[in-house]
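I'd like to walk you through one structure, so let me put it up on the screen.

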Amino acid sequence: NNARLFDATLKQQKTQILYKAGELTAAGVSAGSIRAIRFFIEKHSTRAFKNLNIKMAQTDLSNLAENGSIRYAGNMTTVLSLPSYITVNGWNVFTLTQPFSWNGTSNIALELCFDNGTATAGKADIIYAYSDGSNEDEGSMIEDATVNCTENFALVGFYSDGVKPIMMLDYTMRGNSVENAIAVSKEANLG
């Protein structure tokens, strides 16, 4: 599966992705501070993404799209803003300037947007994706190429069956005082 999260040919795009608490805990992620997000990309783009922003929130939403209705995660916190970002072939690491504290039980909503100013010819980067097992009419990823980072979603599309990008998290686990003294941290691969 391929998700169009990184398509530098577009003028702009805003995307929300829902990672469910059950997926996170099954991958070994526990409550703690998320310090970085990684996406595996097959690079095809020829220009940088401008004004790239990543926001995150804890949410009780179970899907972003269901039975023809679109839901948006609210109370998003900006965790990274970059004036320009050039994708690379392989794992693309986004080290958060504002680490995100996950409570270990809520779903995590991630919003990624960019505003390139103009559209251009070329090919989109390929980002590998998986299905979280949702039904055909349920979506864990919504996107809108008609709005930029400051605008509300307007013309939204979604990926059925809960398809979303494979993601790796770098995070610090909460632990007892001895573990905290030695800075226990892990990586987890979702997908």
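Let's start with strand β9, residues 107-115. Eight of its nine residues are buried, so the rest of the structure largely encloses this strand. Keep in mind that this is a predicted model.

So what does β9 pair with? One partner is strand β2, residues 12-19: the two run antiparallel, with eight bridges between them. If you want a spot to look at, find Thr15, which sits opposite Leu112 in β9. Another partner is strand β4, residues 49-59, also antiparallel to β9 and joined to it by seven bridges. There, Lys55 has Glu111 of β9 as its bridge partner.

Okay, on to the nonpolar cores. The largest one has 38 residues. Among those with the most contacts inside it are Phe6, Ile34, Met56 and Leu110. Which residues does Ile34 touch, if we skip those up to four places away in sequence? The list includes Met56, Leu96, Pro99, Phe100 and Trp102, and also Asp170 and Tyr171.

Last stop, the surface. Phe40, Trp91 and Tyr128 make a nonpolar patch of about 250 Å². Phe40 belongs to strand β3, residues 32-42.

Technical notes:
Residues are numbered from 1 along each chain as its sequence is written. This is a predicted model: local features need pLDDT of at least 70, side-chain atom pairs count only at pLDDT 80 or more; totals for chains, interfaces and linings use all residues. Side-chain values use heavy atoms; hydrogens and water are left out. Patches are made of residues with over 30% relative accessible area and no salt bridge: like charges are joined within 9 Å, nonpolar side chains (Val, Leu, Ile, Met, Phe, Trp, Tyr) within 5 Å. Accessible areas come from the Shrake-Rupley method with a 1.4 Å probe; for residues, only the protein chains shown count as cover. A salt bridge is a side-chain nitrogen of Lys or Arg within 4 Å of a carboxyl oxygen of Asp or Glu. Helices (H or I, at least four residues) and strands (E, at least two) are DSSP runs, numbered from the N terminus. A nonpolar core is a set of buried Ala, Val, Leu, Ile, Met, Phe, Trp, Tyr and Cys residues joined through side-chain atoms within 4.5 Å. Buried means under 20% relative accessible area, exposed over 50%, partly exposed in between (1.4 Å probe, protein chains only). Contact means heavy atoms within 4.5 Å. Two strands pair if DSSP finds at least two bridges between them.
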